[in-house]
There are 2 protein chains.
Amino acid sequence: MARPTPQTHGDILAAAARRFAATGYRGTSLQDIASEVGCSKAAVLYHFANKEAILTELMAPAITVLQSLDDRIAAQPDPASAQQVAAEGFVDLAVRFRREIALLRGEFPELLQQPVFAHIHEISERLIDAMAGRSERASARICALVLLAGIAETCGQFAEVSDEELRDALLALLRRALEPVH
Amino acid sequence: MARPTPQTHGDILAAAARRFAATGYRGTSLQDIASEVGCSKAAVLYHFANKEAILTELMAPAITVLQSLDDRIAAQPDPASAQQVAAEGFVDLAVRFRREIALLRGEFPELLQQPVFAHIHEISERLIDAMAGRSERASARICALVLLAGIAETCGQFAEVSDEELRDALLALLRRALEPVH
DNA sequence: TCAGAGGCTGACCGATCGGTCAGATCGGTG
DNA sequence: CACCGATCTGACCGATCGGTCAGCCTCTGA
């Protein structure tokens, strides 16, 4: 079946996205994905080297954007502008890639071990640092981490909210909640 | 070994808490726990009916307190006081049980299926409702969910911060960030 | 017509999981 | 001494996981 169409690659990717979002990465087996596509597990592994490669391809666009945000933050001359760029950039990324981020929901700790996310840990530390206004105060860092984790953890759950409305709500929240620089 | 001491039960519980915190519930095998205790996997299953029973016993105190918070919120006469009770009660709970909550980090979605957490979903919905000031506005609900999830996800990571300092920081954050009632 | 490449399958593999079970080892009791 | 119940062990079980492999089918182009 589906002999003329070599679109299976894309079908697998889409099916994997749905399953990962529903039951998580670890909670989804290659057989689950294969069943959803309607092919064999071996077919899935014909199109992708291994399970991780599926996740890598799904997350690649979001990772790229996150890395460019990291660069932009690093280029800011002072803590105040870094905080603003970090906040706006992160909200933008969270809204744009909320579907992808939702895939990771509840699996951050272990999933960060995967090569795809090799630098995520350092990047998120710099993000928190920037959002905390480069402050060393515990309250500022707690505040930044709670908001960042909260947004990452939940942004995928507002499927019925439009991009604009979600972005506005999150930006307003960050503006209220983040401690001002100095 | 350890023939005279029937404290193995407690040892297993403590070892499980450490392992769950380090690698998550699913990421910890019964053999991992047994190795940390220094006994066989069968010994672990002699003291606990199954893996889930270990988690249940670890989480029981926190669950009890959460349920009583739920009752207290339901007893509030108006949205404003419900919001305040929810915010203060949740922060208190998060700080007191940050160790237990940390065990669940990154495993919420699937772990909530377990019988121990049978009513957690409804309770957390009522918590969010109260923290959103009983409002139906998307921005209020987004705000409440982001903060609640963020606190739950991160409170276990501030081991070096004292209870008082953490509670003050989180309460201040909630007061700034939650949308006021009406 | 036929070789070959791309796409795919079913059978299989080793590892690991949670959990079971028969039995060994002990301290205490009669 | 014999017996008992609590504690614990090693061997084992079935299920499931990610991944491999030999080979089949179909389409294509020389």
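The questions below set computed values against the rules behind the names.

This is a predicted model, in which local features need pLDDT of at least 70, side-chain atom pairs count only at pLDDT 80 or more, and totals for chains, interfaces and linings use all residues. Residues are numbered from 1 along each chain as its sequence is written, chains are lettered from A and ligands numbered from 1 in the order in which they are written, and side-chain values use heavy atoms, with hydrogens and water left out.

Q: How do you know what the secondary structure of chain A comes to?
A: The elements are DSSP runs, numbered from the N terminus, with helices being H or I over at least four residues and strands being E over at least two. By that rule chain A has ten helices and zero strands, in the order α-α-α-α-α-α-α-α-α-α from the N terminus. Its C-alpha trace spans about 65 × 30 × 25 Å along the principal axes.

Q: Why is H4(B) called oblique to H8(B)?
A: Axes are lines fitted to C-alpha atoms, for helices over the stretch in contact, and angles run from 0 to 180 degrees between N-to-C directions. Helix H4 (residues 51-74) and helix H8 (residues 120-131), both of chain B, pack at about 45 degrees with axes 10 Å apart. Under 35 degrees counts as roughly parallel, over 145 as roughly antiparallel, 65 to 115 as roughly perpendicular and the rest as oblique, so H4(B) is oblique to H8(B).

Q: Which residues of H4(B) and H8(B) meet?
A: Contact means heavy atoms within 4.5 Å. Among those that meet are B:Ile63, B:Leu66 and B:Asp70 in H4(B) and B:Ile123, B:Arg126 and B:Leu127 in H8(B). By class, this contact has eight nonpolar, one polar and two charged residues (nonpolar: Ala, Val, Leu, Ile, Met, Phe, Trp, Tyr, Cys and Pro; charged: Asp, Glu, Lys and Arg; polar: the others, Gly among them).

Q: What makes H8(B) and H9(B) oblique to each other?
A: The axes of H8(B) and helix H9 (residues 138-154) of chain B come within 8 Å and cross at roughly 125 degrees. The two helices are therefore oblique to each other. B:Leu127, B:Ile128, B:Asp129 and B:Met131 in H8(B) meet B:Arg141, B:Ala144, B:Leu145 and B:Leu148 in H9(B). Six of these residues are nonpolar, none polar and two charged.

Q: Why is H1(B) oblique to H2(B)?
A: Helix H1 (residues 8-23) and helix H2 (residues 30-37) of chain B pack at about 120 degrees, with axes 9 Å apart. That angle makes H1(B) oblique to H2(B). By class, their contact has six nonpolar, one polar and five charged residues.

Q: What makes A:Glu88 and A:Arg175 a salt bridge?
A: The rule asks for a side-chain nitrogen of Lys or Arg within 4 Å of a carboxyl oxygen of Asp or Glu. The closest N and O atoms of A:Glu88 and A:Arg175 are 3.9 Å apart, and the pair forms a salt bridge. This pair links distant parts of the chain, with A:Glu88 in helix H5 (residues 79-96) and A:Arg175 in helix H10 (residues 163-177) of chain A, 87 residues apart.

Q: How much area do chain A and chain B bury between them?
A: About 2500 Å², with 70% of it on carbon and sulfur atoms; buried area is the accessible area (1.4 Å probe) that two parts lose on being put together, summed over both. In chain A, A:Ile142, A:Val146 and A:Arg176 lose the most area to chain B, together 23% of what that side buries. The contact takes 32 residues from chain A and 32 residues from chain B.
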